Amino acid sequence: MNKRRTITTIFVHIVLLAACFIAIYPVFVMVSGSLKSANELAINASGFPHEPSLENFRRLFTVNSGLILRTFFNSIFVSATSTLLIVAVACLAGFAFAKFRFRGRDTIFFLLLMTMMIPVELNLTPLYLFYAKLDWLNTYKVQIIPSMANVFALFLMRQYMVTIPDSLIEAARIDGAGDFTVFRRIIIPTSTPSIGALAILQFLSKWNELIYPKTMLTDEELMPIMVILPTLNEIESARSVPWELVLAGCTLVTVPLIIVFLIFQNKFLSSVTLGAVKG
Amino acid sequence: MSKRIQHGIKGQKPFIPYLFILPFLIFYAIFFLYPAFYSLVLSFFRYKGYGGASFIGFKNYENLLKYGTMWDCLGNTFFYFIFSFIPTMLFSFILALLVRSRSARRFQFIYKPVIFLPQVCAVVACSLCFKIIFGERVGVFSQILGKSIPFLSDTSLMRLVVVILLTWRGIGWYFIIFLSGLTTISDDIIEAATIDGSGTISTVFRITVPMMKPTFMLAFITNAIGSLKIYTEPNLLLAQNYDPPMQVAPYINLIVNSMGGGQFGMACAAGWLLVIVILILTILQLKFFGNGEEA
């Protein structure tokens, strides 16, 4: 019996280690490839670099006079601001839907949930036409403001805020707090775990956005890096496709996030279950 | 939606709750509801982006339904959805079971973040990296096997590569969801079953799987709606300039291509067809879900 246990344990670990290898290997190819020269990549894409060098990054940062770094910071700026605004608007509305009794509350909330079925891609066409008229194409605001009202975020915040006991709010009121003070001093501090998790989800989804900015922007200076990366292999097209540059770009957008993830692991992992299990 | 209107308190002034939801509703109305409505209207017109729009009734929808490529693309999207959904669910559930098992539970702190890792990587970066891994000339597989395999030019293999990418990236997410679902099943139940003589495999099928049913259903619903909107992965993997062969292009490409071609009415109609597909799928799921609850 004991021997069987040992064999099972070994088997379980082999399977799990294989899964870990598969999960990590493409990231390894990306990072190690970014340290290889074009010649080496052509013959050795799979293994460790023989002469690792940061030359690709130096070249990447000088492409189009620093365009890549600029778009990298565009991405961070747009993702961060947009996340902040989405969370703020969702908290305000979530509080009202969770804690106040008012006419039409449940009807409005239900209708909002129903519209979650409508894919955002449906609005690409009309929004493009509007922004063309408003002269909003090729701006930062077009990347930030339109996504401010997010039903999923509202839903998450409301679900969490419902669990805050009414008595907490009533006690604050007896102490003379107004509704907005209650929101700031009680609701927001008690909701921080949810807010953090929601912020992670929103940041990642904005960070990964491609089709929307690609449709609304033609000015490379304002683009998020995700739109630029796929076009990298057209640069220097006289030579063969500089895949090592593409890999350096991929590493640039991936490794910082992986580091943040490893530091705030639990926050990331709880953000996954927040949406799924509580929903 | 429950009928529990009781919960909650009154605002200090009756208008205060509305004040709180106002910012959300304003932005939602301007940037989501109004455009959605506008696109519904526009889907009955022919509009080139300039000049006047001419009303053509259901002509856009008719043309789309008669357009063979539309069905191809819709089929591709469903192909990507189904064939990535099944292995993703299977692998992530098995991995969650293994990590929760007595043999590996102690090492959760290593396995959990590593298996989740692909989720943290940017979709664009993963797609481009897979393009290299499966590339014909510099590809990892081609180099290891010493001959080039047309992963990214043979239309049947191309779709497979997309499925592999989707599965690779998806497993981490559902693995975490299943893992937290499994922790809600108390060890007592599993132990009781074991004492009653149930083997590991039969415990999994008789107890764990039925108890996880709500988690499976939820995973299915969220995955389905997300997968129908797939765009980034096939377009970056299979194309140089967002122009994959139509035999492998996903549905969203129809919207983008129609817009690019200045057929804005057609693009709107394609969008609304997608809404209809999602609606049908949701209704089917609700039916399926309802039956599952009764059983």
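**Values and criteria**

Reply: P150(B) is in contact with E136(B) and L157(B), leaving aside its neighbours within four places in sequence. This is a predicted model.

Me: What makes P150(B) partly exposed?

Reply: A residue is buried with 20 or more other C-beta atoms within 10 Å of its own, and exposed with 12 or fewer. P150(B) has 13 C-beta neighbours inside 10 Å, so it counts as partly exposed. The residue sits in the loop between α6 (140-145) and α7 of chain B. P150(B) and F134(B) are 16 residues apart in sequence, with 8.5 Å between their C-alpha atoms.

Me: Why is I190(B) called partly exposed?

Reply: The count for I190(B) is 19 C-beta neighbours inside 10 Å, and being buried takes 20 or more. I190(B) therefore counts as partly exposed. This residue belongs to helix α8 of chain B.

Me: Which residues is I190(B) in contact with, leaving aside its neighbours within four places in sequence?

Reply: They are I185(B), T203(B) and I207(B). The criterion is C-beta atoms within 7 Å. As for A224(B), 34 residues from I190(B) along the chain, the two C-alpha atoms are separated by 31 Å.

Me: Is G197(B) buried or exposed, and how do you know?

Reply: G197(B) has 7 C-beta neighbours inside 10 Å, and the limit for exposed is 12 or fewer. G197(B) therefore counts as exposed. It is found in the loop between α8 (187-195) and α9 (200-211) of chain B. From G197(B) to L145(B) the C-alpha distance is 48 Å, at a sequence separation of 52 residues.

Me: How do you know that chain B is more spread out than a compact globule?

Reply: For 295 residues the globule rule gives 19 Å, whereas the radius of gyration of chain B is 24 Å, so this chain is more spread out than a compact globule. Its C-alpha trace spans about 75 × 75 × 35 Å along the principal axes. The secondary structure of chain B comes to 13 helices and 2 strands. Of its 295 residues, 38% are buried. Among contacts in chain B with a separation of 6 or more, 66% are between residues 24 or more positions apart.

Me: What span is expected of helix α4 (residues 108-120) of chain B, and what does it reach?

Reply: At 1.5 Å a residue, 18 Å is expected for this helix of 13 residues. From its first C-alpha to its last it reaches 18 Å, close to the expected value. The buried residues in α4(B) include Y111(B), I115(B) and F116(B).

Me: How many residues of chain A are in contact with chain B?

Reply: There are 77 residues of chain A in contact with 79 residues of chain B. The largest share of the chain A side, 15 residues, comes from α1(A). By class, that side has 57 nonpolar, 13 polar and 7 charged residues.

Me: Which residues touch the most other members of the largest nonpolar core?

Reply: Of its 150 residues, they are A93(A), A125(B), C129(B) and F175(B). Helix α7 (residues 155-183) of chain B gives the largest share of this core, 14 residues. Leaving aside its neighbours within four places in sequence, A125(B) is in contact with M30(A), C250(A), V253(A) and T254(A).

Me: What is the predictor's confidence in chain A?

Reply: Its mean pLDDT is 89, and 95% of the residues reach 70 or more. Among the elements of chain A, the lowest mean pLDDT is that of α15(A), at 78, and the highest that of α4(A), at 95.

Notes. Residues are numbered from 1 along each chain as its sequence is written. Chains are lettered from A and ligands numbered from 1 in the order in which they are written. This is a predicted model: local features need pLDDT of at least 70, side-chain atom pairs count only at pLDDT 80 or more; totals for chains, interfaces and linings use all residues. Two residues are in contact if their C-beta atoms, placed from the backbone, lie within 7 Å. Helices (H or I, at least four residues) and strands (E, at least two) are DSSP runs, numbered from the N terminus. Ala, Val, Leu, Ile, Met, Phe, Trp, Tyr, Cys and Pro count as nonpolar, Asp, Glu, Lys and Arg as charged, and the others, Gly among them, as polar. pLDDT is the predictor's confidence in each residue, from 0 to 100. The radius of gyration is taken over C-alpha atoms; the globule rule is 2.2 Å times the number of residues to the power 0.38. A nonpolar core is a set of buried Ala, Val, Leu, Ile, Met, Phe, Trp, Tyr and Cys residues joined through C-beta atoms within 7 Å. The expected span of a helix is 1.5 Å times one less than its number of residues.
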